[in-house]
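Subject: Handover of a structure for your study

Dear colleague,

Please find below the structure that I am handing over to you.

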Amino acid sequence: MDFGRPVWEARRAMLSTVAVGTDGSATASKAVAAAADVAERFGAKLVLLSAFEGSDRPRDGGSGADERQWAFNNDARVRELLSRTEQELRARQIECTSMHDEGDPAEVLVRLAEECEADLLVIGNLGMQRRVLGSVPNTVTHKAPCSVYVVKTT
């Protein structure tokens, strides 16, 4: 600790990037709210992270309307969700960006948290009550490259 600076300044420097996993669900929104509060308190940047699975429907070149294409395009839905959430957070004067990728949610969250150099990764506890190996919160808490804050969302 730098004894030349006030304690609040030293604490503020401890967290410069807070990442949060979200899938747009009501429970995930509780994790986003908690992450936003932490980011505000520490003056940290907030990074929204999300994972999506590939579409079950093949993409046809032009036979379907754009709306039907969007309905089966998980990437597009995630981008829209993240964009809306970013706008809401920026309205609160929180510096915010987002990252997303296709794949297993736990593995994607861990990888993206590392890529954005998160100091803290916030996730919801949905799935923690299951005693099955492989739940997203269990995997993230064991593999994350940073501290993990598990928010009680259920």
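Residues are numbered from 1 along each chain as its sequence is written, and side-chain values use heavy atoms, with hydrogens and water left out.

Confidence

The term pLDDT denotes the predictor's confidence in each residue, from 0 to 100. The protein chain averages a pLDDT of 82, and 74% of the residues score at least 70. Confidence is highest in strand β1 (residues 17–21), at a mean of 97, and lowest in helix α3 (residues 66–71), at 41. Over residues 56–71 the pLDDT stays under 50, and the model has nine contacts for them beyond four places in sequence; a contact means heavy atoms within 4.5 Å. Where pLDDT is low, the predicted coordinates should not be read in detail.

Overall organisation

Helices (H or I, at least four residues) and strands (E, at least two) are DSSP runs, numbered from the N terminus. The protein chain has six helices and five strands, and from the N terminus on its elements follow the order α-β-α-β-α-α-β-α-β-α-β. Of its 154 residues, 40% count as buried. Here buried means under 20% relative accessible area, exposed means over 50%, and partly exposed lies in between (1.4 Å probe, protein chains only). Among the contacts in the protein chain with a separation of 6 or more, 69% come from residues 24 or more positions apart.

Strand β1

Five of the five residues of β1 are buried, so this strand is largely enclosed by the rest of the structure. Both of its faces are covered: Thr 17, Ala 19 and Gly 21 are buried on one side, and Val 18 and Val 20 on the other. In a regular strand the side chains alternate between the two faces of the sheet. β1 pairs with strand β2 (residues 45–52) in the parallel sense over five bridges; two strands pair if DSSP finds at least two bridges between them. Within this pairing, Ala 19 has Val 47 of β2 as its bridge partner.

Helix α2

Helix α2 has 17 residues and reaches 25 Å from its first C-alpha to its last, close to the 24 Å expected at 1.5 Å a residue. The expected span is 1.5 Å times one less than the number of residues in the helix. The buried residues of α2 include Ala 28, Ala 31, Val 38 and Phe 42. Just after α2, Gly 43 takes a positive phi of about 65°.

Salt bridges

How many salt bridges does the structure hold? There are eight, a salt bridge being a side-chain nitrogen of Lys or Arg within 4 Å of a carboxyl oxygen of Asp or Glu. One of them joins Arg 92 to Asp 37, with the closest N and O atoms 3.3 Å apart. Arg 92 lies in the loop between α4 (74–91) and β3 (96–102), whereas Asp 37 is in helix α2 (residues 26–42), so the pair ties together parts that are 55 residues apart in sequence. Arg 92 is partly exposed, at 35% relative accessible area, and Asp 37 is partly exposed as well, at 43%.

Arg 92 also forms a salt bridge with Glu 40, whose closest N and O atoms are 2.7 Å apart. Glu 40 lies in helix α2 too, so this pair ties together parts that are 52 residues apart in sequence.

A further salt bridge links Glu 80 and Arg 84, at 3.6 Å between the closest N and O atoms. Being four residues apart in helix α4, these two residues are separated by about one helical turn. Salt bridges that share partners join Asp 37, Glu 40 and Arg 92 into one network.

Cysteines

The structure holds zero disulfides, a disulfide being a pair of cysteine sulfur atoms within 2.5 Å. The sulfur of Cys 116 is 7.6 Å from the closest cysteine sulfur, in Cys 146, which is too far for a bond. Cys 116 counts as buried at 13% relative accessibility, and Cys 96 is buried at 4%.

Yours sincerely

Terms used. This is a predicted model: local features need pLDDT of at least 70, side-chain atom pairs count only at pLDDT 80 or more; totals for chains, interfaces and linings use all residues.
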